[in-house]
Protein chains: 2
Amino acid sequence: MSKLLCVGTVAFDKIETPFGKTDKILGGAATYIALSASNFDNIDIGIVSVIGEDFPQDYIDIFNKRNINIDGLKVVEGGKTFFWSGEYHNDMNTRDTLDTQLNVLENFDPVVPKHYLDAEIVMLGNLHPAVQMSVINQVKSPKLIVLDTMNFWMDSELELLVKVISKVDVITINDEEARQLSGEYSLVKAARKIRDMGPEYVVIKKGEHGALLFYEDEMFFAPALPLEEVFDPTGAGDTFAGGFAGFLAQSKDISFKNMKRAIIHGSNLASFCVEKFGTEKMLQLQDGELKSRLANFESLTQFEINLT
Amino acid sequence: MSKLLCVGTVAFDKIETPFGKTDKILGGAATYIALSASNFDNIDIGIVSVIGEDFPQDYIDIFNKRNINIDGLKVVEGGKTFFWSGEYHNDMNTRDTLDTQLNVLENFDPVVPKHYLDAEIVMLGNLHPAVQMSVINQVKSPKLIVLDTMNFWMDSELELLVKVISKVDVITINDEEARQLSGEYSLVKAARKIRDMGPEYVVIKKGEHGALLFYEDEMFFAPALPLEEVFDPTGAGDTFAGGFAGFLAQSKDISFKNMKRAIIHGSNLASFCVEKFGTEKMLQLQDGELKSRLANFESLTQFEINLT
């Protein structure tokens, strides 16, 4: 059984979209990553994150019920859980952050549980690059380290972020972030420059426009599934990353060919995430739904053409 | 040999992009459509359009050299050719129109040459819906009518445009136009509403984000090929439409399965169009380049996944 270590925030989110708004609900990068990865079989998923004493048992139970190991989820006595609040615009592609309360994240010093020090796959969700680096320094020769990050760290901690990037095998960032990080507008050029920074694989997420995987001189593109309704994009990128890492952990194959499949699995899971608020849809997801929608991805993209 | 009738503007364009600017060069929807379609074999391509006396013989020669029939290209004595000037922004996805001089287009009454009245495929490029309707009324039971249009006509001639849409088999419009025409933000819902207006097939062009084909309950997506450099997007949509229609005319097969291939061929041709200013790249295009890049589309999108 492959071990998958998921690092990132476990949080309260408060979300407004044109379709409605939520109270404080379960959120955070590690949450979405682990929930997404838990749809795969024969993997041992552990979380490294931090919460406050205000984090409810109901949410803890969600992890337990899915066999997501939370030995690495530190509870800070008297502390308050990280809180993020945001409002999506009408196009659902852009959002304003209304409030960010770091709380227990402010002094978070991650400790990887002994059981996960030899994890085959490490999925570093969006967090301070110092936390990500600390985890990289603790784990022992994982087969694959996948990094997700955000423009916020490019603005505030670029030097450290670049060091983290140099240590990972796969980076997943969105198109604007790829442009910012590389100084190149063309995503082909941007990916090449980012590969030169360290990662063999670069995944550029384009939200509703799909995702690109770059490796050596090869490119692969997975569309996002066009949907009837998008209710809430929160967590879609993390769900994508969790599906990507979870599938790789299950299949124990980190070839380019298998990464293409992993990108499709990630896109498949993300397509469900956005259909309801927060983690709601991810908590109801049935295996049959996943398989049936995978077939949609196939019919959406596959064609036969005579190349002779 | 299938006959393909191409209707649209033949124009002078003056283009500015972040990479440079042109003098007055050859442009127009019918020009790009016909040039693109001329890459296919065994099709008889005719243009219906209008020019002024200022249109140079060199440009006429371009059509003649590619066996594009210009019997339907009316020359207005003393008239001036339609002129459009535009400037692209840094993102190359948005542009400002700097100048539009309708000139001979203002009183254009199209006459389909007798030889093309029984054209199998009619490609109606962007033009006043009254001109498009006149052509529809002249041709005799074509196998397929493809319509391209723009938001300009939705703003100014919606009622007439809706009548034209009700008469065609395929409509190609961009994502914003699909949203405007349908009043739906979701492209899945937008396509359904537009299909209810008449066309069996709806193609939604998303520029650098690819194109979607909708038919009954099916969807197909073709990515745009990620490129090192995009110099000038002018004519890309028309080149896409010309490749789509040209391939269908060559293969004499208007099934959904073959339309998927046609979308890939259209995307392939459009990927070349944007690599140089105006029609420059389209005039140098070699058959080998087209085939080699088609293989890139295949490797970009094709994957094997176990659905059981």
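Me: What makes B:Ala37 and B:Tyr116 count as being in contact with B:Leu4 in this predicted model?
Reply: Contact needs heavy atoms within 4.5 Å. Leaving aside neighbours within four places in sequence, B:Leu4 is in contact with residues including B:Ala37, B:Ile43, B:Tyr116, B:Met123 and B:Ala249, so heavy atoms of each of these lie within 4.5 Å of B:Leu4.

Me: And what puts B:Leu4 among the residues with the most contacts in the largest nonpolar core?
Reply: That core has 230 residues, and A:Leu4, A:Leu5, B:Leu4 and B:Leu5 have the most contacts inside it. Members must be buried, meaning under 20% relative accessible area, so B:Leu4 is under that cut-off.

Me: Why is the pair B:Lys189 and A:Glu229 called a salt bridge?
Reply: The cut-off is 4 Å between a Lys or Arg side-chain nitrogen and an Asp or Glu carboxyl oxygen. The closest N and O atoms here are 2.5 Å apart, so the pair qualifies. Across the interface of chain B and chain A, the rule finds 8 salt bridges.

Me: Which helix gives the largest share of the side of chain B that touches chain A?
Reply: That's H11(B), with 8 residues.

Notes
Residues are numbered from 1 along each chain as its sequence is written. Chains are lettered from A and ligands numbered from 1 in the order in which they are written. This is a predicted model: local features need pLDDT of at least 70, side-chain atom pairs count only at pLDDT 80 or more; totals for chains, interfaces and linings use all residues. Side-chain values use heavy atoms; hydrogens and water are left out. A nonpolar core is a set of buried Ala, Val, Leu, Ile, Met, Phe, Trp, Tyr and Cys residues joined through side-chain atoms within 4.5 Å. Buried means under 20% relative accessible area, exposed over 50%, partly exposed in between (1.4 Å probe, protein chains only). Helices (H or I, at least four residues) and strands (E, at least two) are DSSP runs, numbered from the N terminus.
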